Structures are given as structure tokens and as C-alpha cells.
Amino acid sequence: MFRKATGALAAIALVASLATASAPATAAGVSITGEGSSFAGTALIAAQSKFNAKGGAQVNYTKSSSSKGRANVSAGTVDFGASDITYVAAGATAPANTVLTPLLGGPIAIVYNLPSVGKGLRLDPATLGAIFSGRITMWNHANIKKLNPTKSLPAKAISVRFRAAGSGTTANLTQYLAGNKVTGWTANNGDFTKASGAASVVGVSVPSSSDMVTAVDNTSYTIGYVDLADAAGKGLVYASIKNPAGQYILPTATAAKSFLAAQTVPTDGSVKINFLKKISGAYNLSAFAYGIASSNYADASKGAAVKAFFTYVVSNAVPTGYVALSGAAKTAALKQIAKIK
């Protein structure tokens with residue numbers, strides 16, 4: 001009888017052992033760190049709050065810049081990163097076993113501080129590019145007047161604010177201006193001054209999107225660029241931008257979604273944006289933000305946690321000012337996320 005019981009217990013233990021050995025890594029109780037895109041920062045931090053509240057893996061994301069996200073993933077100092085441009089667009093080589101996936105999208109708002117104008121400033125890509133490269137230096141310049149005939153434009157110097165080198169928001173802005181063939185602009189990985197083609201620095205550099213918002217909010221006659229969520233959160237006003245359909249469109253999630261949904265999405269989700277797409281109602285100065293992970297985490301439980309967090313971001317609603325993935329972009333994202341281990 002004892003021998004039979006012992007045998008039964010041994011069999012149970014063996015089954016339990018096999019079950020443990022074959023079970024997938026669990027993310028429960030694991031803490032993971034991430035860093036990068038400030039453009040996506042508001043959305044990722046909001047998602048992490050809800051994700052952490054579920055009581056499983058705990059996420060700690062720091063919004064800084066896309067270049068820091070990519071660099072710190074390469075250095076192994078964070079468990080995941082976020083970037084507004086792909087490694088290819090940044091002219092960089094991804095680390096071995098990198099899994100890149102789109103997480104969300106959104107518009108880049110052109111924010112300004114013009115007390116005599118208030119809301120309703122209109123700009124087109126050529127005029128915007130000329131302002132940011134220092135070829136238009138006064139708010140009452142003829143080109144701006146032509147686009148805003150009913151506005152009281154001041155005879156004041158334009159004060160440009162731009163993000164420090166490495167910003168993914170800057171990278172997408174430069175790609176938008178270069179894509180629209182604006183004089184002097186070339187696309188690059190986030191160096192505003194180099195991309196502008198200007199002989200000297202135009203404007204004042206700010207480190208982060210939060211600093212951008214503060215600088216424009218506190219200083220009259222300034223202009224800059226930032227994700228819509230940060231702009232709206234501070235109550236900044238932003239310009240409507242002329243799209244290839246000839247319409248002046250404000251940055252909204254709906255208008256950005258119209259534009260992003262028309263992009264060709266490859267199976268790996270790395271979208272090369274065509275900023276010249278002619279779409280009625282679309283806001284073309286829009287971009288995707290990407291998550292950076294690995295297909296070969298040394299600690300499988302961390303891989304499981306990153307996978308669970310990215311799945312949560314892609315599968316749930318996003319805050320105001322962002323575009324949730326849908327269609328081909330979402331399909332590609334879920335396939336990429338499945339590779340994280």
C-alpha cells in the first residue's frame with residue numbers, strides 16, 4: 001500500500017516537473033524598465049499605469065528621446081525602448097535579435113505663441129520650412145500674410161524652438177519637410193540644425209517635449225513642434241497645415257488616423273511614410289512610434305513582461321491625441337510582438 005502510494009506521488013511529481021519545464025515564462029512579479037520616445041511618452045506612461053494596476057509585471061518607462069531609447073537598448077541598460085523612427089530611418093544598425101514593432105501613431109502639432117492672433121494660424125509646408133530654417137524671420141512676412149489674410153500678424157521677430165539632437169519628433173519633422181521637397185531640408189535622424197540646411201543655428205534648442213511646451217507657453221512670438229497630447233495638455237494653440245489635397249487641417253487624432261491608415265505597411269511593421277499622400281481631411285505631419293524589444297531575453301520572464309506590455313498597448317484604447325493601431329499596422333504589430341521571447 002505504501003509502495004503504491006509512493007509510486008503515485010512520484011508519478012504526480014514527475015507530471016508536475018514536466019509541466020513546469022514546458023510552461024511558458026510568466027511575467028507575474030517581474031519589473032521591467034523602458035526608455036525613449038517622448039512623442040509616445042504620455043501614451044506609454046498612461047498605459048503602464050493601467051497595466052501595472054492589474055498586479056502582474058510592473059513597467060517603469062522614462063520618456064527622454066528616441067535616440068536614447070535606441071542607444072540604451074543597445075547598451076542593455078533597459079529592457080525595452082521606444083523610438084519614433086526605425087533603425088533604418090535613423091541610419092543605424094539594430095542590435096542582434098531586435099524586434100521592432102509599431103505601437104501607436106499620432107500627429108505632430110506646430111505650436112505657437114502669438115497673442116494678437118490666437119487660434120487659427122495657417123501654414124503650408126514651404127512656409128513652415130522657411131520659418132524653421134531662418135529664411136522667414138518676421139511674423140508679418142508676406143508669405144505668412146498671404147496664408148492668413150484676416151489675421152493681425154505682429155511686426156515681431158519669430159523665435160524658433162527646436163528639440164536637441166536625437167529627437168524622434170524632429171526626425172519625423174525633417175522627413176516631412178524633405179518629403180514635401182521644402183527648400184534646404186534633408187531628412188535625418190533628429191538633428192534639426194543639420195537637416196535645416198541653415199548656415200548657423202536657427203532658434204533655441206530644448207531638451208524634451210515638456211521643455212518645448214514650457215518654452216512656447218512662456219515666451220511670446222515663439223514657434224515649435226511637439227506631440228498633440230503634450231500641446232493640448234498645456235492648452236497651447238497650434239497651426240493648421242495645408243495638406244496635398246489643398247486643405248488646411250488641424251492636428252487631431254482623426255485627421256492623423258486618416259493619413260496613417262493610408263500608408264503601406266510591410267509585414268514587419270516598419271513603415272516608410274509617404275508624406276505626399278493626397279487624402280481629403282488628412283493631417284500629413286503624423287508619425288508612428290515603435291517599441292524595441294528582443295527575441296532572445298536572457299531572463300525569459302522579462303521577455304514575457306515586455307511582450308505582455310506591448311500587447312496591452314496595441315490592444316487597448318490610447319489617450320486623446322494618439323491613434324490606436326488598426327488594420328495592417330495592428331496585424332503587423334501583433335506578429336512582431338509574438339517574436340518577443
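## Getting started

Helices (H or I, at least four residues) and strands (E, at least two) are DSSP runs, numbered from the N terminus. With that in hand, the protein chain has twelve helices and twelve strands. This is a predicted model, in which local features need pLDDT of at least 70 and side-chain atom pairs count only at pLDDT 80 or more, while totals for chains, interfaces and linings use all residues. Residues are numbered from 1 along each chain as its sequence is written, and side-chain values use heavy atoms, with hydrogens and water left out.

## The chain as a whole

The C-alpha trace of the protein chain spans about 100 × 35 × 35 Å along its principal axes. Of the 341 residues, 49% are buried; buried means under 20% relative accessible area, exposed over 50%, and partly exposed in between, with a 1.4 Å probe and protein chains only. The accessible surface comes to about 14700 Å², computed by the Shrake-Rupley method with a 1.4 Å probe; for residues, only the protein chains shown count as cover. Carbon and sulfur atoms hold 56% of that surface.

A contact means heavy atoms within 4.5 Å. Among contacts with a separation of 6 or more, 71% are between residues 24 or more positions apart.

Take a look at strand β3, residues 80–83. Phe80 and Ala82 on one side are buried, and so are Gly81 and Ser83 on the other, which leaves both faces covered.

Two strands pair if DSSP finds at least two bridges between them. Strand β1 (residues 31–36) runs parallel to β3 and is joined to β3 by three bridges, with Gly34 opposite Phe80. Strand β12 (residues 286–294) also pairs with β3 over three bridges, but in the antiparallel sense; here Ser83 has Tyr290 as its bridge partner.

## A three-stranded open sheet

Elsewhere, three strands form an open sheet with mixed pairing, in the order β5-β10-β11. The edge strands β5 (122–123) and β11 (248–249) each have a single partner strand, so one side of each is left without a neighbour in the sheet. Between β5 and β10 (residues 240–242), two bridges make a parallel pairing, and Arg122 stands opposite Ser240.

## Two helices with a buried face

Helix α8 covers residues 209–218, and its buried residues are Ser209, Met212, Val213, Ala215 and Val216. Seen down the axis of α8, these fall within an arc of 165°, so they line one face of the helix; the arc is that of the directions from the helix axis to the C-beta atoms. They pack against several elements, including β2 (58–63), β6 (159–163) and α9 (228–234).

In helix α12 (residues 327–337), Ala329, Ala332, Ala333, Gln336 and Ile337 are buried. Their arc is 130°, so these residues also line one face of their helix. Gly327 and Lys335 are exposed on the face turned away from the buried side. The cover over the buried residues of α12 includes β4, β12 and α11 (300–315).

## A closer look at Leu103

Which strand holds Leu103? Leu103 lies in β4, and counts as buried because its relative accessibility is 4%. Leaving aside residues up to four places away in sequence, Leu103 touches Leu44, Ala289, Tyr290, Gly291, Phe310, Val313, Val314 and Leu325. Phe310 is 207 residues from Leu103 along the chain, yet their C-alpha atoms are separated by 7.2 Å. Tyr290, another residue that Leu103 touches, is the bridge partner of Ser83.
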